[in-house]
Amino acid sequence: MNPCPKKRVSLLVGSPKRKNSASATLGLYLCNQLDSQKFDYQEIHLRSALSDKQNINVSYWLNDILKSDVLIFSSPLYVDCLPSYVFQVFEKIYQERKKTRDPKEIQFLAIINSGFPESSQSQTALDICQHFAGESGMLWLGGLLLGAGFIVGGRDIRKMGWLFKNIKKSLDLSAAAINHGKVIPVEAFHIMGKPFLSKKLFCWIGNIGFKQMAKRNGTVRQLYDRPYEKEQMI
Amino acid sequence: MNMLLLNGVSEKEDDAYQIYQVIDRCLKESDHQVHSYNLYQMNIAPCMGCFACWIDTPGECIINDDGRLIAKELMQHDAVIFLSPVTFGGYSFELKKAVDRFIPNVMPFFRINQNEIHHIPRYQKYPNLIFIGTLPDKNPGMENTFFHLNQRNVINMYPNLYSQAIFYYHQSEEEIRIKFHQLMKDVEQI
């Protein structure tokens, strides 16, 4: 008897960073929790894929995406929304699937992390992902929102301390759901969204961090510059 | 008013482009000073999220392309129009790549604003904003998301006033003109 073929999972990373990307770290952790007997996964960095100078219509990675059974999209929040090139990719996938009379059944899950502590600031980006999935005829598995995602960076989620236990738990719950062909449980959404820093503490730490970076760069005096002030228009 | 139109609709999108042309005509016929940019014709690289515009060259992106020009132009006008096809409830790639390059115009530092954390403004005054989305037909879900996105941008881009609307492909030129004049009126300072 032939064993059931493994399902193909594509992890779509929306961050332009190749190193220490929280988006890649979160997505890879989730992929590694999937049942390896049932799933094979590949990682696609959207920014790099788009800049490889190949024609997006024939590029290998677009075909890989279209042949997937599950898409896990993991991205940072950029100006209240998704990074610009993600729209280019979404549009392309949507157009390709619209051309096909009977497009392959694909499940779609989104993870959005933002630099702000409130995960709710990413809700609009998640809504956009849901519209994309719906319009492209994919099955929406749900989404996870993480605040202060930079804290994850490129760290090993398994080794992160108790303060971040909810991140691991949420991803474990989500992986279990995918393993069983179910949608992401509401509990996974709620625990991922819990802030692990107070607002005041976040501001204090963040502001000191930026000042220290400027000090190292020797740009403290220029930090408040206004190069585009109206009077300076020539 | 000194106005800037950022057109995120490309020529390939016939129906949406016709809406752009009506808006462009309205602006040219008005008493306002208008600068218009077709973003799809510009060389704007996507933001790399490197924070150099906050730390290395404060207030200016390190990528030397049209993204810098647009970020500067934003600050030189009284009102800015964001025009885009509603793309899954968001902006088109063309408009979003420009919007992502506006972050040098705020500071890296945080403060609590409307019970959320946001970056503090770099400048004292920011332009008022008009958001226009185009759609083939009514789509309450996507329109709702588009309006939410506009409102999130308003929190972070610090306009005094803003207005927003969706224009549909089937609307007549007259309907678009009336609605557009109302949007302009809504952001005119008294």
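One term before anything else: buried means under 20% relative accessible area, exposed means over 50%, and partly exposed lies in between, with a 1.4 Å probe and protein chains only. What you see is a predicted model, in which local features need pLDDT of at least 70 and side-chain atom pairs count only at pLDDT 80 or more, while totals for chains, interfaces and linings use all residues. Residues are numbered from 1 along each chain as its sequence is written, chains are lettered from A and ligands numbered from 1 in the order in which they are written, and side-chain values use heavy atoms, leaving out hydrogens and water.

Chain A, then. It has eight helices and five strands, where helices (H or I, at least four residues) and strands (E, at least two) are DSSP runs numbered from the N terminus. Reading from the N terminus, the order is β-α-β-α-α-β-α-β-α-β-α-α-α. The radius of gyration of chain A is 20 Å, close to the 17 Å that the globule rule gives for 234 residues, so the chain is as compact as a globular protein of that length. That radius is taken over C-alpha atoms, and the rule is 2.2 Å times the number of residues to the power 0.38. Along the principal axes, the C-alpha trace of chain A spans about 70 × 50 × 25 Å.

Of the 234 residues in chain A, 53% count as buried. Taking contact as heavy atoms within 4.5 Å, 75% of the contacts in chain A between residues at least 6 apart in sequence join residues at least 24 apart.

Now the cysteines. A:Cys4 is exposed at 68% relative accessible area, whereas A:Cys31 is buried at 4%.

Last, the backbone. A:Ala148 is not a glycine, yet has a positive phi of about 50°. A:Ala148 sits in the loop between β5 (139-146) and α6 (165-179) of chain A and is buried, with a relative accessible area of 3%. In chain B, B:Tyr158 also has a positive phi, near 55°. B:Tyr158 lies in the loop between α5 (140-157) and β7 (162-168), and is buried at 16%.
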